[in-house]
Amino acid sequence: MSHQHSGEHRNFETVAIHAGNTADPLTGAVVPPIYQVSTYKQDGVGGLRGGYEYSRSANPTRTALEENLAALEGGRRGLAFASGLAAEDCLLRTRLSPGDHVVIPNDAYGGTFRLFAKVVSRWGVEWSVADTSDPAAVRAALTPRTKAIWVETPSNPLLNISDIAGLAGVARAAGAKLVVDNTFASPYLQQPLALGADVVVHSTTKYMGGHSDVVGGALVVDDADLAEELAYHQNAMGAIAGPFDAWLVLRGVKTLAVRMDRHSENATRIADMLVNHPRVTKVLYPGLPDHPGHEVAAKQMKAFGGMVSFQVEGGEEAAVAVCDRAKLFTLGESLGGVESLIEHPGRMTHASVAGSALEVPSDLVRLSVGLESADDLLADLQQALG
């Protein structure tokens, strides 16, 4: 479902519930069925019903999710993958050739860095690191071979903010594509394509699924030629979302708006408490007025999201101890679920960037603030901080 074609209802909450969710013509079921099927009966050789022949190429449950994703991000085409990294891999191998160059952030998900540093670089793709919150730094990192500028905003785990519209201008001038990983914000809080980005990336495992019960990824684009190219490679490489996984993400998306509102409210209360805590040396949350990216975030985001990072006095051991003492916050990787999570990025999600320009502070704790009572979450953090 393209942005021209979301019917008369254009408000996000309505689109999230209805886009791609057509009642089943056979039974009237209001939820798209899980088409747990590999192949389809053809009406004569080459006569495909509804365009389906084999579920790697297309599956009706996945189609429903892909239409929904496109509508939510205001794009022409959404593509659903087996994981966020599968989506990133498809994008990189579709767009890049040996000798091409990519600018990547100095603050990014460890798995994205690993994909560039350990996998794609072996294939002759070069990359350099820039502070993407500074358009001048990105401009300085460009080379004549730069084909993409990669951005996470808010970033993982330091919650840095990059100006999407500003970087879109930098990318256009360089003849490069601007890729925005929108996982932390979700399309409810931020829509990069409308701000000039070329590609939106999601780990749908996180806020889109929202319940810590599915792994998935997505790409959304507005350019019809790029969409065809990506769809060709999605089929040719095959790391597609299975029907049940697609169904779970589609279910999660229906409550995305109400969940993100509460994630943001709870995170704001926690960030405010941490700012005033004597054992906390720094709080990283774009909703705080003194966050260096606050004004840009306020301009391009509807609210500030559910991720909060902070640094504690006493260094690495103290940060690890806070993680260990938390009870209601579950010690675990990932994020974006209904339950609150706590982790030590240096030893957990971002161990792969140790020793690189993306290395994270050893006294950093990252929170994925869930949907529990904010009072209970605050009490747990206060006891964990000691």
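In this predicted model, the second largest pocket holds about 360 Å³ of space. Its lining consists of 17 residues, and those nearest the centre of the pocket are Asp 24, Pro 25, Tyr 35, Tyr 52 and Pro 60. Sorted by class, the lining of the second largest pocket comprises nine nonpolar, four polar and four charged residues.

**The largest pocket**

- The volume of the largest pocket is about 440 Å³.
- This pocket is lined by 27 residues, of which Tyr 109, Asn 156, Ser 203, Lys 206 and Leu 335 are the closest to its centre.
- Two or more lining residues come from each of the elements α3, α4 (110–119) and β6 (199–203).
- The lining of the largest pocket divides into nine nonpolar, eleven polar and seven charged residues.

**The cavity**

- The largest cavity contains about 60 Å³ of space.
- Its lining is formed by Leu 91, Leu 92, Arg 95, Leu 96, Lys 147, Ala 148, Trp 150, Lys 177, Val 179, Val 199 and Leu 226.
- The elements α3 (84–95), β4 (146–152) and β5 (177–181) are those that give two or more residues to this lining.
- Eight residues of the cavity lining are nonpolar and three are charged, while no polar residue is present.

**The loop between β4 and α6**

- Pro 154 is located in the loop between β4 and α6 (164–174), and the peptide bond from Thr 153 to Pro 154 is cis, with omega near -10°.
- Pro 157 is also placed in the loop between β4 and α6; a cis peptide bond joins Asn 156 to Pro 157, with omega about 10°.
- Asn 156, which takes part in that cis bond, is one of the residues closest to the centre of the largest pocket.
- Leu 159 belongs to the loop between β4 and α6 as well, and its phi is near 55°, a positive value in a residue other than glycine.

**The crossing of helices α2 and α9**

- The axes of helix α2 (residues 60–73) and helix α9 (residues 243–253) come within 8 Å and cross at roughly 35°.
- The crossing of these two helices is left-handed.
- On the α2 side, the residues in contact are Thr 61, Arg 62, Ala 64, Leu 65, Asn 68 and Leu 72; they meet Pro 243, Ala 246, Trp 247, Val 249, Leu 250 and Val 253 of α9.
- Nine nonpolar, two polar and one charged residues make up the contact of α2 with α9.

**The chain as a whole**

- The chain contains 13 helices and twelve strands.
- Along the principal axes, the C-alpha atoms fill a box of roughly 75 × 50 × 35 Å.
- How does the radius of gyration of the chain relate to that of a compact globule, and what is its value? The chain has a radius of gyration of 21 Å, which agrees with a compact globule, because a globule of 386 residues would have a value near 21 Å.

Definitions and conventions. Residues numbered from 1 in each chain as written. Predicted model: local features only at pLDDT ≥ 70, side-chain atom pairs only at ≥ 80, totals over all residues. Heavy atoms only, no water. Axes fitted to C-alpha atoms, helices over the stretch in contact; angles between N-to-C directions. Helix = DSSP H or I, 4+ residues; strand = E, 2+ residues; numbered from the N terminus. Left-handed = near helix turned anticlockwise from the far one by under 90°. Contact = heavy atoms within 4.5 Å. Nonpolar A, V, L, I, M, F, W, Y, C, P; charged D, E, K, R; others polar. 1 Å grid on protein atoms, 1.4 Å probe; cavity = no way out; pocket = protein on both sides within 12 Å on 5 of 7 lines; lining within 4 Å. Points joined across faces, edges and corners; volume = space filled by probe spheres on them. Rg over C-alpha atoms; globule rule 2.2 N^0.38 Å.
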